[in-house]
Amino acid sequence: MATQADAQELAALRALSASIGRSPHLTQAAGGNTSLKAGDTLWIKASGTWLKDALVDDIMVPVAMAPLLKAVEQRDRAADQPQGFTIAALNPRGLRPSIETTVHALMPQRVVLHVHCVDTISLAVQADGEAEVAKRLDGIEWAYVPYFRPGLPLARGIAEKLRPGVDVLILGNHGLVVAAETVAGAELLLRRIRSLLARPARATAAPDLDALAALAGDSGYRLPADVEAHAVALDPESRRMAQAGSLYPDHVIFLGQGSVVAKPGEAVADVVARLGTSPAAILFPGAGVLMRSDASAGADAMQRCLADVTARIDIAARLNYLTASENDELVNWDAEQYRQKLNAAGG
């Protein structure tokens, strides 16, 4: 770090990052990232690491900001490989910076927090999401950025929307970015925006754990890590939304495209036979969810996220789903394949 003050701010950022990472309503699995600018260096969360581990693991990576910003400005594809801009002397473990490093570099404020807040996502997937956010954030300097693949495309989309004073970004089908000059300021702004965008979740019945246990049997499937994950199978509106497609990138990356719903009377084997593959999760209407036994911790976190997001979406809203090409772009993206490998290894 350049100065003692920078070191103190980085310590504060680690503490805030861990706090954010412990809230499934703010971020899930290896999603979300935080950063601090110290002189010409951007310290940002490493790809594949979890924010909740910020106090127990070295998850921050130093990146040379000026050449990265130049690459974004020139639409240089090198900007899609932020590991090429790391400062090797300060990165002994050879960690790769977040795939969203360019987002943080573009924001002029010293501290940037990017979270996959379920309240924000529930608004950002609605076709009328921008108008709904506008009603709630009146008086705040914010900008709405339509969906682009994370990396250089999203960076260019943000660059087109940024204007002086903007410290809040709503990312279509993605999440929330807040920025401030201090960690304390960023935390306060995050709390404020989160409260303004808060939406109540629809209530659901309890899962039928006995029925799920019988369905699981020796099928190679198990109960999800979080009991909250079942809600998407128990609420007809949430189930309808989930079955219709993929709403945001991390769902595609950790769970595959869309959601699989069992037909009446189907057991796990019937679903697998019908699809010709074993999906990461199966929704059993009125009973709950089963996860494939080898599903990663990231997949469990994202199944919970799906339940939390869909339960907050306006049931009358038209939704923007990721297109087939956008799904394919995520699945075949080198940066995401790297993050998935790290996640499978122990994330």
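**Ground rules**

I am working with a predicted model, in which local features need pLDDT of at least 70 and side-chain atom pairs count only at pLDDT 80 or more, while totals for chains, interfaces and linings use all residues. I number residues from 1 along each chain as its sequence is written, and side-chain values use heavy atoms, with hydrogens and water left out. My helices (H or I, at least four residues) and strands (E, at least two) are DSSP runs numbered from the N terminus.

**Entry: the largest pocket**

I started with the largest pocket and looked up a volume of about 230 Å³. Its lining has 16 residues, and the closest to the pocket centre are Pro24, Ala29, Trp50, Asp226 and Ala301. For the record, a pocket here is an open set of points on a 1 Å grid over the protein atoms alone, where a 1.4 Å probe fits, with protein on both sides within 12 Å along at least five of seven lines; lining residues have an atom within 4 Å of a point. The volume is the space filled by probe spheres set on the points, with grid points joined across faces, edges and corners.

Which helix gives the most to this lining? I found helix H13 (residues 297–310), with four residues. By class, I noted seven nonpolar, four polar and five charged residues in the lining. The nonpolar set is Ala, Val, Leu, Ile, Met, Phe, Trp, Tyr, Cys and Pro, the charged set is Asp, Glu, Lys and Arg, and the others, Gly among them, are polar.

**Entry: salt bridges**

Next I looked for salt bridges, meaning a side-chain nitrogen of Lys or Arg within 4 Å of a carboxyl oxygen of Asp or Glu. The count came to 18.

Asp308 and Arg304 are both buried (under 20% relative accessible area; exposed is over 50%, partly exposed in between, with a 1.4 Å probe and protein chains only). Shared partners join Asp226, Glu228, Arg304 and Asp308 into one salt-bridge network. I was pleased to meet Asp226 again, having listed it among the residues closest to the pocket centre.

Another pair is Arg240 with Glu237, at 2.7 Å, N to O. Both are in helix H10 (residues 236–243), three residues apart, about one turn of the helix. I have Arg240 as partly exposed because its relative accessibility is 40%, and Glu237 is partly exposed at 28%.

I also checked Glu266 and Arg274, whose side chains meet at 2.8 Å, N to O. Glu266 is buried at 14%, whereas Arg274 is partly exposed at 36%.

**Entry: positive phi**

I then turned to residues other than glycine with a positive phi. Arg75 has a phi near 55° and belongs to the loop between helix H2 (65–73) and helix H3 (101–106). Asn173 has a phi of about 55°, in the loop between strand S6 (168–171) and strand S7 (175–180). Is Asn173 buried or exposed? Asn173 is buried, because its relative accessible area is 6%.

**Entry: Thr41**

Last, I looked at Thr41 in strand S2 (residues 41–45). Its relative accessibility is 15%, so I put Thr41 down as buried. Leaving aside residues up to four places away in sequence, Thr41 touches Leu36, Pro62, Val63 and Ile87, where contact means heavy atoms within 4.5 Å.
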